[in-house]
Amino acid sequence: MLKYIYQDLLSVVRFLPGGVVMGAIVSVTFFWVADKVQRRRGKKRIAMVPSVLFWTYFSVILIITFLSRESGTRQGMDLELFSTWGINERNNAYVVENVLLFIPYGFLSPCVFRALRRVCRCGVFGFLTSLGIELLQLVTQRGYFQIDDILTNGLGTIIGYFLFRFVTAIIRKRR
């Protein structure tokens, strides 16, 4: 299984430059708009580094899950819960990769959006993002719509959120 995960990670590295460029463009736009809104409300400026990291990572997720595939190459739906796990090592690797893909998303989301600093909100945000990606894949036939993907991406988001809480607790203790 680790062999498949390693191969899949290497295959997506080629999408990083495009994701970084797209993320930089979205980040600058987001930062400019958010900064204007924050100043207008009399609040302090938002932190730019977490915003750039979040939007860059979000762009990489979109490229990997949606834009890296030809339209019409994958079609179908799998609405059976846990149908992916246990079939073979390749499918088990997909499950683990889906969890891993959304851990940084769950970590970075509450860094950028204060409203997502509660586990339920961050988890719902991850589930909705994953649902959106799955629906886009279904409509454009760039991926299979799978309930397991939504579940594992949501799990990755929640793991990332708890990692965020752990890191922020350590930072607070050091201060």
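Me: At what angle do helix α3 and helix α4 pack, and how far apart are their axes?

Reply: This is a predicted model, where local features need pLDDT of at least 70, side-chain atom pairs count only at pLDDT 80 or more, and totals for chains, interfaces and linings use all residues. Residues are numbered from 1 along each chain as its sequence is written, and side-chain values use heavy atoms, with hydrogens and water left out. Helix α3 (residues 48-67) and helix α4 (residues 89-112) pack at about 150°, with axes 9 Å apart. Axes are lines fitted to C-alpha atoms, for helices over the stretch in contact, and angles run from 0 to 180 degrees between N-to-C directions. Helices are DSSP runs (H or I, at least four residues), numbered from the N terminus.

Me: So how is α3 oriented relative to α4?

Reply: That angle makes α3 roughly antiparallel to α4. The cut-offs are under 35 degrees for roughly parallel, over 145 for roughly antiparallel, 65 to 115 for roughly perpendicular, and oblique for the rest.

Me: Which residues of α3 and α4 make the contact?

Reply: Contact means heavy atoms within 4.5 Å. From α3, the residues include Phe54, Tyr57, Phe58 and Ile61; from α4, they include Leu101, Phe102, Tyr105 and Leu108. Ala, Val, Leu, Ile, Met, Phe, Trp, Tyr, Cys and Pro count as nonpolar, Asp, Glu, Lys and Arg as charged, and the others, Gly among them, as polar.

Me: OK, what about α4 and α6, how do their axes cross?

Reply: The axes of α4 and helix α6 (residues 147-174) come within 6 Å and cross at roughly 45°, and the two helices are therefore oblique to each other.

Me: How do the residues of that α4 and α6 contact divide by class?

Reply: Into 14 nonpolar, seven polar and one charged. Phe102 is one of the α4 residues there, and Asn153, Gly156 and Thr157 are among those in α6.

Me: Phe102 again! What does phenylalanine 102 touch?

Reply: Not counting residues up to four places away in sequence, phenylalanine 102 touches Ile61, Gly126, Thr129, Ser130, Ile133, Asn153, Gly156 and Thr157.

Me: And Ser130, is serine 130 buried or exposed?

Reply: Buried, with a relative accessible area of 0%. Buried means under 20% relative accessible area, exposed over 50%, and partly exposed in between (1.4 Å probe, protein chains only). Serine 130 is in helix α5 (residues 119-140), and its contacts, leaving aside neighbours within four places in sequence, are Phe102, Asp149, Ile150 and Asn153.

Me: Back to the nonpolar residues. Which ones touch the most other members of the largest nonpolar core?

Reply: Phe54, Tyr57, Ile61, Leu101, Phe102, Tyr105 and Ile133, out of 13 residues in that core. The largest share, seven residues, comes from α3. A nonpolar core is a set of buried Ala, Val, Leu, Ile, Met, Phe, Trp, Tyr and Cys residues joined through side-chain atoms within 4.5 Å.

Me: How do α3 and α5 pack?

Reply: At about 35°, with axes 10 Å apart. Phe54 and Ile61 are among the α3 residues that meet α5, where Ile133 is one of the partners.

Me: Last one: where is glycine 19?

Reply: Glycine 19 is in helix α2 (residues 16-40) and counts as buried at 0% relative accessibility. Leaving aside neighbours within four places in sequence, glycine 19 is in contact with Thr56, Ser59, Val60 and Ile63.
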